[in-house]
Amino acid sequence: MRRGKLNKTSYLLIIISAIFTVTSYVSDQLVIRYENNLRTKNFNYQNLDTKIKSLETTVSSFESLDVQTMTVISNELIQRNFWIKNLFIMESNKSYFRDIRKDLDVFIEHSFSVDNIKWRARKSTWDLIDSHVSIKDSYKLIFNQKIFDEIKFFSSEEFNNTLGGYNMFEENQDKFLIVKSFDDVTDMILNKDLDDVKLNLWWDLRNFRLLLVETLYQTTLKLEPVIEYIENDIENKTLDLDIIFYERKKINIYKNYFILLGIISQILTLVFLLLLFRSLIKQKIF
Amino acid sequence: MKILRISLLLNLFSNTKNQSKFLTYINIGLFLSIFAISAAIITFYIETKIDKIESNLAEAHIEQRSNQKIFDSFTKLQSQYKSYESSTDALVDLYEYIASTKLGEYTITVNDLYLPLIFTESEDNDWFKESMSDGLWDEIEATIAEWFGNESEEVKDFSKALKALKKSQYLFVKDNPEYFEKIFNYDSKKIVSEIRKKESINEWDDEIYKDYIEFSNLFKDMFLLLEVMRKLFDEYATSWENQISDLNKEILIASNLETKVIVFAFIFQFIVFLIIQYFEISSIKNEKGMNAKRKIK
């Protein structure tokens, strides 16, 4: 062989080195692409995870409020007739109530016990209104969540209006004897002297409380399909989260493969260059 | 400048005195490259293994979190049941005391006291109907039996409570518009007639009272079911914790193994390199000796 000329082995070694250089470059580019994909998937994963947590908090808030509402309803329903029956017996001028009073051996003329029942009835009515407002405000806060813009079959505004009972008196006038509006109720509770409140007005107060509880019960029932919708949404989003999790895992594995392929290609390029130099020295080509 | 450097390199290579030295350097380079390849392959193999373990670990953490969530919801539900039961019992006791008095006979009826409780308790009956119809409870019972064993206390408690629950399911199936009408009654005449009737609630033979007692027992059974399920999820939590700990150990072992295998590969390849280098130097020396003899001749 003449000095200065390359043989077949040398050409082969050069070509192999070139192939591994290209492979290394391609691998590096793929790693960059997978890294970008992974970044996007991580971003989507975090976003979805945050959304799921927020929805779970919404469902949990609904559940807590439901317990609170049912406790208010249950406690109010148990005592709904108790105090008014006492007032009927103590205050009514009807003959059969007089007979009952005789049977009970009570003759009441502005006694402390009757005043106490009246005072407590007014106070507990105020407490009930307070609980109702507090429940309504808590629901309002939940409805600020974005998910409620997506739910087409439910209007939070309508829910708030119904729960607020703004048309309660107009729509249920047949249930009241004297009271015409919420102002009449507040006036009776806050301003009127106990002695000036007649039995008819006490009956109206009893019906107002019952109507408030009924409104609370009927309105909150409308939330069942909403909660079901959110729970289904959580389920779907959790499935999506699982899919992203496995995609992330797959991308990570591919990324690692290409990192290694890049490293090995670079080393192999070096190996074949060394083998080339070795072959050149051995052939005494210089 | 580059051309000058390459020509310098070529000059160095063309110097025959330097050639054997360069061969040694190239051999060292080859040895290091082969070691780097083998180290990379070992790292890749073990890292892939660690990746799989880490992914199992991530899955285990997700399962553990979801398990913890269920466990927490059972605990929350149990405490809600307990607090609801105790406050209701106290209230019912108080009204029952009052109902025992002469005034109470006029002012408290079963419709006042027990009906609202039955009504609110049976309000959320859809989930119960669904769970009964799709055999969810039976599936849970089978899982509990599989986990704790057929003869365990947990299975006995669960089966007993489930049997009672199935027996009482008619309470949830009952339609409640009639109850609704009775509770949300705005007619004063009906209230007055209740007062005039003077029916004591302490006679214990009223249908509504019987239903109330059934509901109270049902609550106790539900509490027992939740207790057993809470135990099951507690066991699951321990099992996941053990699995997570085992996976962490596996990662540590694989990581240590990687270092050891790389060190071993280096020593092994270095010995092979030395042997090859020894034979190559010997062969060059032999070749030089033969050439010298040829020149003398």
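Q: What makes a residue pair a polar contact in this predicted model?
A: Within protein, a polar contact is a pair of N or O atoms within 3.5 Å, one able to donate a hydrogen and the other to accept it. By that rule, 18 residue pairs, both residues at pLDDT 80 or more, are in polar contact across the interface of chain A and chain B.

Q: Which elements of chain A supply the side that touches chain B?
A: Those giving two or more residues are helix 1 (8–79), helix 2 (82–91), helix 3 (95–104), helix 9 (199–221) and helix 10 (223–283) of chain A. Helix 10 of chain A gives the most, with 19 residues. By class, this side of chain A has 35 nonpolar, 10 polar and 13 charged residues.

Q: Why is the pair Asp112(B) and Lys85(A) called a salt bridge?
A: The closest N and O atoms of Asp112(B) and Lys85(A) are 2.5 Å apart. The cut-off is 4 Å between a side-chain nitrogen of Lys or Arg and a carboxyl oxygen of Asp or Glu, so the pair qualifies. The rule finds 6 salt bridges across the interface of chain A and chain B.

Q: How much area do chain A and chain B bury between them?
A: They bury about 5,500 Å², 70% of it on carbon and sulfur atoms. In this interface, 58 residues of chain A are in contact with 59 residues of chain B.

Q: What makes Ile230(A) stand out in the largest nonpolar core?
A: Of the 117 residues in that core, Ile230(A) is one of those that touch the most other members, along with Tyr139(A), Phe148(A), Trp202(A) and Phe184(B). Beyond four places in sequence, the contacts of Ile230(A) include Leu55(A), Phe62(A), Phe148(A) and Ile151(A).

Conventions:
Residues are numbered from 1 along each chain as its sequence is written. Chains are lettered from A and ligands numbered from 1 in the order in which they are written. Side-chain values use heavy atoms; hydrogens and water are left out. Contact means heavy atoms within 4.5 Å. Buried area is the accessible area (1.4 Å probe) that two parts lose on being put together, summed over both. A polar contact is a pair of N or O atoms within 3.5 Å; within protein, one must be able to donate a hydrogen and the other to accept it, and residues adjacent in sequence count only if both atoms are side-chain atoms. Helices (H or I, at least four residues) and strands (E, at least two) are DSSP runs, numbered from the N terminus. Ala, Val, Leu, Ile, Met, Phe, Trp, Tyr, Cys and Pro count as nonpolar, Asp, Glu, Lys and Arg as charged, and the others, Gly among them, as polar. A nonpolar core is a set of buried Ala, Val, Leu, Ile, Met, Phe, Trp, Tyr and Cys residues joined through side-chain atoms within 4.5 Å. Buried means under 20% relative accessible area, exposed over 50%, partly exposed in between (1.4 Å probe, protein chains only).
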